[in-house]
Amino acid sequence: MVRSKNKDSEFERWLAVLLRSLHLAGVVWVGAAIVAAQAVGREPAFLMLGTGVVMLLMDLRAGRIALREVAGAFVLVKLVLVAWMALDTRQAAWIFWTLLVASSIASHAPKGFRHWPTRPRTATRGELPQD
């Protein structure tokens with residue numbers, strides 16, 4: 001797993017809290033519309049997409065996530081599905097429930113699975129390959 005070299009500033013920490021809160025508001029907004037059998041507008045999906053992209057960029061910058069690991073690759077898949085949901089709201093229900101269940105599984109899977117590399121790490125010059 002990639003470790004953060006520097007602690008986030010207080011501003012970055014509060015920004016992350018705000019983004020996660022807005023992201024969850026978008027999730028609840030979509031879910032409420034689906035459960036109430038109302039048409040899902042694009043706004044909540046775009047809220048989820050925008051906050052998701054910014055949180056991913058912040059996590060990449062801080063070294064908290066690696067795209068070559070299952071957890072990082074899954075974030076990219078989630079962002080693609082949320083973008084699809086935003087662009088084609090008729091697909092919102094199945095995408096929403098798929099994302100909800102898959103996100104829960106991915107978040108609570110054992111650490112060894114979440115941080116398992118999606119592709120083998122290659123040795124750099126002067127480094128011995130790892131088994």
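Arg64 is partly exposed, with a relative accessible area of 31%; here, buried means under 20% relative accessible area, exposed over 50%, and partly exposed in between (1.4 Å probe, protein chains only). Together with Arg20 and Asp59, Arg64 belongs to one network of salt bridges that share partners. This is a predicted model, in which local features need pLDDT of at least 70, side-chain atom pairs count only at pLDDT 80 or more, and totals for chains, interfaces and linings use all residues. Residues are numbered from 1 along each chain as its sequence is written, and side-chain values use heavy atoms, with hydrogens and water left out.

**Salt bridges**

- Searching the whole structure turns up four salt bridges, a salt bridge being a side-chain nitrogen of Lys or Arg within 4 Å of a carboxyl oxygen of Asp or Glu.
- One of them joins Arg64 to Asp59, with 2.9 Å between the closest N and O atoms.
- Asp59 also forms a salt bridge with Arg20, where the closest N and O atoms are 3.7 Å apart.
- Because Arg20 sits in helix 1 and Asp59 in helix 2, this pair ties together parts that are 39 residues apart in sequence; helices (H or I, at least four residues) and strands (E, at least two) are DSSP runs, numbered from the N terminus.
- Asp59 counts as buried at 14% relative accessibility, while Arg20 is partly exposed at 40%.
- Another salt bridge brings the side chains of Arg61 and Glu12 together at 2.7 Å, N to O.
- Arg61 lies in helix 2 (residues 42–62) and Glu12 in helix 1 (residues 10–35), so here the linked parts are 49 residues apart in sequence.
- Is Arg61 buried or exposed? With 61% relative accessibility, Arg61 counts as exposed, whereas Glu12 is buried, having a relative accessible area of 18%.

**Aromatic pairs**

- The whole structure holds two aromatic pairs; rings of Phe, Tyr and Trp (its six-membered ring) pair if their centres lie within 6.5 Å, and planes under 30 degrees apart count as stacked, over 60 as edge-to-face and the rest as tilted.
- Why is the pair of Trp84 and Trp94 edge-to-face? Their ring planes stand at 80°, with the centres 5.2 Å apart, so the pair falls into that class.
- Trp84 belongs to helix 3 and Trp94 to helix 4 (residues 92–108), so the pair ties together parts that are 10 residues apart in sequence.
- Both partners are partly exposed: Trp84 has a relative accessible area of 38%, and Trp94 has 40% relative accessibility.
- Phe96 and Trp97 make an edge-to-face aromatic pair too, at 4.9 Å centre to centre and 80° between the planes.
- Within that pair, Phe96 counts as buried at 8% relative accessibility, but Trp97 is partly exposed with a relative accessible area of 39%.

**A look at Val77**

- Where does Val77 sit? Val77 is part of helix 3, which covers residues 70–87.
- Val77 is partly exposed, its relative accessible area being 44%.
- Between the C-alpha atoms of Val77 and Leu99 there are 9.5 Å, and the two residues are 22 residues apart along the chain.
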